[in-house]
Amino acid sequence: MSTFIKDFIERETISRRNFLLASAAGMTTAAMPGVFGNGMARAATDPALAWSYRDRASAYWNAIVSGGEAFTESIGKPKDAMTSLINEGSSEKSLADIKAFLAKNNGACAIACDANDSPNARPVAEAVQAAGGYVSTIWNKTDDAHPWDFGDNWVSHMTWSDEKPAEETARILFEAMGGKGGVVHLGGIAANNPAIERLNGLKNALKDYPDITLLDAQPADWDTTKAAELMASFLTKYGDQITGVHCANDNIAYGVLEALKAEGIEGMPIVAYDGNPEAVQMVMDGKLLATVFTNPHWGGGITLSLAYHAAIGSFKPSEEPHEHREFYGPTILVTAKDAAEFKAKYLDSVPTYDWADFWSPSNGGIVYK
Amino acid sequence: MATPFLPLIQGGAPLREDRVRQLMTRENAIRWAPLLVLIGLIILFTAINPAFLSQRNFARIAIAASPALMVAIGVTFIIVMGSIDLSMEGTVGLTAVLFCFVFLATGGTLAAGAWVAIPVILLVGALIGLVNGLVHVKLRIPSFMASLAIGFVGTGAAVLITGGDIVKIDDDTFRALLTWRIAGFPLMVYVVAAMTVLAWFIQSHTTLGRNFYAVGGGEELAHASGLNVRRVRIMGFVLAGVFYAVAGILQVAKLGQAESVSGANFMFISITSVVVGGVALWGGIGGIWNTVVGVLIVNVINNGMVVIGLPNYLQDGMLGLLVIVAVVLSTDRRSISFVK
C-alpha cells in the first residue's frame, strides 16, 4: 500500500474518532436539560429567540423575518436578538440547527419554525420538548401530529387554507371571462400542499360555470421562467381557446404576463396568489384581476410571540382550547376595487400589530378532511 | 475536430458508390446523430400535434432557448478543456440583478444612457470568470468544486443586493429584444445568433480556441509543447463568464425582471444540452454547433411534451429517458476505454 493511502486512512480514522467523541459530548449536553427538567416545561424569564425558515431569497420569507424582528423589538430587544436558523430547504438541517440552538441555551428558548416538510414537525417538537423549550410552527406538519400531544412545549401550529381563496379568485376570473371560454392553470410544485389546494379551489369554482372548460393544468414549480415557457407551450397547443389564466402564485403570473407580452397579447384575464408588492401594483394597473395576501409579516411576528409568551408564562398552552393551538392564518383578497387601499394599509407602511393579540386575526381552528 | 459539422457533400462531383460508403462511416454517423435526433423529435411531435410545426411555436422555443444557449456555449469552452464549470446559476443571477440596478441607476431607459449597463455587466461577467479561473488554477482546487463555490457566492451576493426582492425593468426600448420581431422572431434571437457565430469564430479561428482543444485532448502533451495551460484555463473561465453575463441580460429582457434566483435551473439545462449535443465531458471532442443542437433538443422536448399533451407526471421521466437516448446516439463511446 502506498504511503499516501496509508496516511490517508490513518488521518481519516483519527478524525472519525474525534468526531465520535465530539458527538458523544454534544449529545450529553443536549440531554442535560432533560435530566434536570425531565422534559417538563419551565417558565424562563428571558428565553432566547429564533426563527427557523427556508431562505432569504424570496419576498415571502423576508416578510416573515421582518415580522419576527418587529416582535423582538416590541419587547425591548434589538432586532438581532432573534437568531435566524436558515434550513435551505433541508429538513435535516432544520432539525440539527434547532437542536444546536436548544443545547446552546440549555432549553431556555422560544422558537418559531416552518419545519420544511410535514414529517419533520414531529422530531422538531420532540427535540424541543426534551430540552424543555417552546416552539410554534407554521405550514408543515402531518395531520396526526398535534401540539396538545406535546404538553406546553409545542405551543401552536398555524397554516393557511388556500382552497377557499383560490376558489374566490377563480370566480373573479370566470366573471371577467363572461362566464364562458377556456382556462389554463399553472400550478406550484405538484406535491406541495398549497399547490394542491389552489388547484382544488379552481375546480370547486368550475362546478358553477358549466360553459368554462379547464383546458390544462400543469406545474410551473412556483417559478417565473418555467411559467413563461409553459404558457408559451399552452399557446401553441390551445391558441385562441385560452380566454383566462389561473396562476398558483404571483411569480407564476409574472411569467405568464411576459409570455403573453412576447406574443403581443394584452388584456387576458389573469388571477394570482400571495399578494406580493409587485403583484398588488399589477392589480392596480389592471394587469392582474386579483391576488391573495396571507400577511406573512403578521404570521412571522405572532408565531414567535406565541412561543415567547408561552415560555415566559403569560399563558399556559395546555389550558387553551384546541382552536387556539391549531388555527388558520388570515387571508385577504386583493382586487382592483380595494388594491390601492390595501397597498396603503399593508405595503406602504407596515401596520403596528398588538403582538399579544394572538387569535383574533386568525381564521378559526384547523379542520381535517 | 474543431468543426464537427462539415458539409456533407463537397463540390459538385457525382456521388460514386465508394464515396457514399466513405460518407457512411461510423464517425460521420456519430457526428450527425444529434441533428438527426433533433429532426426526429420535430417529426415525432408534429405527427402527434401538427400545431407544433408552426413558425410561431418555433419562435416560442427560440425565446425559451436563448438565455440557455448563451449559458451552454459558455460552459462548452470549459467542457472542451476537460474541466467543468458549475458557477452559471450564481453568475447569471448576480449579473441579471446587477444589470437591473446599473440600468435603473443610469437612467432607466436605453435612450437615456442606460446602455452603459450592458458593457459594465459583460465586464462583471468576465471578472467573475476571472476569479473563478484564478481560484481553480492558482489554489489548485478542482474546477468542479471551485466553480460550484463561486456560484454559491454569486447567489449569496445577489440575495444580499436585492434583499430577496424582485427588480423590474419597464423600458420599452430594452424590452424590444423580446417584443420587436423580424421575420417572426424576436430581436433577442438574432442577438443570440450573432453571439453564437462569435463563439464559433473564437473556437475555430483563434489560437485561444484551438488551445482549448489542445488542453482538453491531452493536457500533459499541450504543456510539454510549451503551451501555458494555466493561462488558457483562466482565459476559458473569463470567456464563459462573459457568455453567462449575456445570458443574465437576456434573462432580464425575456422576463422584465431579475431576482436572486433568476439563474435557477440553468445548471441542469446547460450541462444536459452540451452532453446531449455530443460534446464529451472528458474534453477535446465536440464544439459550439453540438451545443446549439443540444440546447434545441432539450427545448424542443420541453415544449413538445406540453404540446402533445403528455401528462405532467410523465414529463420529467420522459426528459431523462430522451436525454439518455440522445447521449447514447451522439457520443462515440467506443473510443474511450472507461467512463468515470
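This is a predicted model: local features need pLDDT of at least 70, side-chain atom pairs count only at pLDDT 80 or more; totals for chains, interfaces and linings use all residues.
Local features need pLDDT of at least 70, side-chain atom pairs count only at pLDDT 80 or more, and totals for chains, interfaces and linings use all residues. Residues are numbered from 1 along each chain as its sequence is written, and side-chain values use heavy atoms, with hydrogens and water left out.

We can begin with the interface. Here 36 residues of chain B are in contact with 28 residues of chain A, contact being heavy atoms within 4.5 Å. The two chains bury about 2,500 Å² between them, 50% of it on carbon and sulfur atoms; this buried area is the accessible area (1.4 Å probe) lost on putting two parts together, summed over both. On the side of chain B, R60(B), L255(B) and V306(B) lose the most area to chain A, together 23% of what that side buries.

Charged pairs also feature at this interface, with four salt bridges counted between the chains (a side-chain nitrogen of Lys or Arg within 4 Å of a carboxyl oxygen of Asp or Glu). E229(A) and K254(B) meet through their side chains in a salt bridge, at 3.0 Å from N to O.

Turning to chain A, T159(A) is found in strand β5 (residues 154–159), strands being DSSP runs of E with at least two residues, numbered from the N terminus. T159(A) is buried because its relative accessible area is 13%, and buried means under 20% (1.4 Å probe, protein chains only). Beyond its neighbours within four places in sequence, T159(A) contacts W139(A), F327(A), Y328(A), G329(A) and I366(A).

Methods. Chains are lettered from A and ligands numbered from 1 in the order in which they are written. Helices (H or I, at least four residues) and strands (E, at least two) are DSSP runs, numbered from the N terminus. Buried means under 20% relative accessible area, exposed over 50%, partly exposed in between (1.4 Å probe, protein chains only).
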